[in-house]
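Trainee: Please take me closely through the sheet of this model, strand by strand, and state the cut-offs as you go.

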Amino acid sequence: MSASPTSLSSSSSGAPKSSAASGMPPDATYAGIMSFMRRPQTRELAGVDVVVSGIPLDLATTFRPGSRFGPAAIRAASAQLSELKPFPWGVDPFETLKVVDYGDCWFDAHNPLTIRDAIVAHARTILASGARMLTFGGDHYITYPLLRAHAEKYGKPLSLIHFDAHTDTWPDEQPDSLNHGTMFYKAVREGLIDPARSVQVGIRTWNDDTMGIKVLSAPWVHQHGVERTIETILSIVGDSPTYLTFDIDCLDPAFAPGTGTPVPGGLTSAQALEIIRSMTPVNLMGADVVEVAPAYDHAEITGLAAAHIAADLLCVMNEQKLAKGRGQGVAEHFERSRQRYPAIRPSVGEPNTFRLKYREALIQTVQEVIRGKLHGSRHEVEALAQSFVAAHDMPSFVDAVQSDLDCLYLGNVARFRLRLSEYEDWPFKRSNIQ
Ligand SMILES: [Mn+2]
């Protein structure tokens, strides 16, 4: 698999890296200095939209150390992503989004009580330039000082979208502790994040107290699916300033073995990428990807997953910049994205009234079924679903109709009623994201 350098926008002089923040560079995938996605390594931030940096800290982990090598692993795995236009976006994000690799945060690992403030200072310097941050851990503790700096810049409380196997809200009354399991306990207590407008996704470890944050556990995501997960996340955070943190252990160990505290039963890479790609309506202030520990990895699985998640976060930020350039609101922009990228969930963005219309029409159809128009064959169910979506002009609902009518076909009336009640109580409102 290779791409012709001539198809890319930078020179093919053989220089190790483009000196410009725009365009895609000519290095072979396996060669050159490994900045993230071949972005220029610089601390010159004038005109830069997004600053990538690493925070190689792993002193706060409760089990396996090793995430100090995470930033390097994510950068190495990202080389493949700088070869082609990213999927499914189909555009070179660096034509519009100016991204640089700042290198790594320096802190004194032998003087632990200085580390938190060293990370705050690192973030403060970058945020002062006006750029957004995309940061690589390091263990998850780094998100705590990053939240402090972001709240200082953008106002508190922020909303938090948090992907993880762990809630990281275990009680901790020691303000200076270095603990990668208590950051969000501290963040809620300090008012850095608003639990009512924050959400945790992929959780599958027990915690008696989630501090009021809405939890979409891993089993919940598996049961309800990616589309419902996306809609629920968007409805919770609305248009409030939001920080997104992705602990790679949100993924199942099959997809991310190289991490400090792996837990079976997690999300697949495919689920996570679909969710991240649909975050364009979020008022995103900054993001991180943490807990990649390459010593426990196999065949770079974990680094690849993290690099892809990070690349998609950049593409989300690029889409947001493109929308802003067109003077569009995020909802209007999202409609356009839906048409452009069929991979984006077809029914996200439908207003509540559409759901209610669907529910009413479905009830009418079911009444006809009860009156004897359907005699119980699977073929009839499929035909009915097709005619239903045609009659009601709801082409994006064919899967939902099929699924709902299947409940009746299989005699599961209780589940059918549950689905109807869900349509009545659909949480997503377009007004939330405008
Ligand atoms: Mn975790």
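Mentor: Val-51 has Met-133, in β3, as its bridge partner. The model is a predicted one, in which local features need pLDDT of at least 70 and side-chain atom pairs count only at pLDDT 80 or more, while totals for chains, interfaces and linings use all residues. Residue numbers start from 1 along each chain as its sequence is written. Around that bridge, strand β1 (residues 50-55) and strand β3 (residues 132-137) run parallel and are joined by six bridges; strands are DSSP runs of E with at least two residues, helices are runs of H or I with at least four, and both are numbered from the N terminus. β1 also pairs with β2, in the parallel sense and over four bridges (a pair needs at least two bridges found by DSSP), and here Gly-54 stands opposite Asp-104 of β2. Between β1 and β2 the chain passes through helix α1 (residues 70-77), in a β-α-β crossover that is right-handed, that is, clockwise from the first strand over the helix to the second when the strands point away from the viewer.

Taken as a whole, the sheet is open and has eight strands, paired in parallel in the order β2-β1-β3-β8-β7-β4-β5-β6. Its edges are β2 (99-104) and β6 (214-217), each of which pairs on one side only. On average, neighbouring strands of this sheet are turned by 15° against each other, with direction ignored; axes are lines fitted to C-alpha atoms, for helices over the stretch in contact, and angles between N-to-C directions run from 0 to 180 degrees. Helix α5 (residues 218-237) lies across β4 (159-163), β5 (199-203), β6 and β7 (242-247), and runs at about 165° to β5, where contact requires C-beta atoms, placed from the backbone, within 7 Å.

Methods
Contact = placed C-beta atoms within 7 Å.
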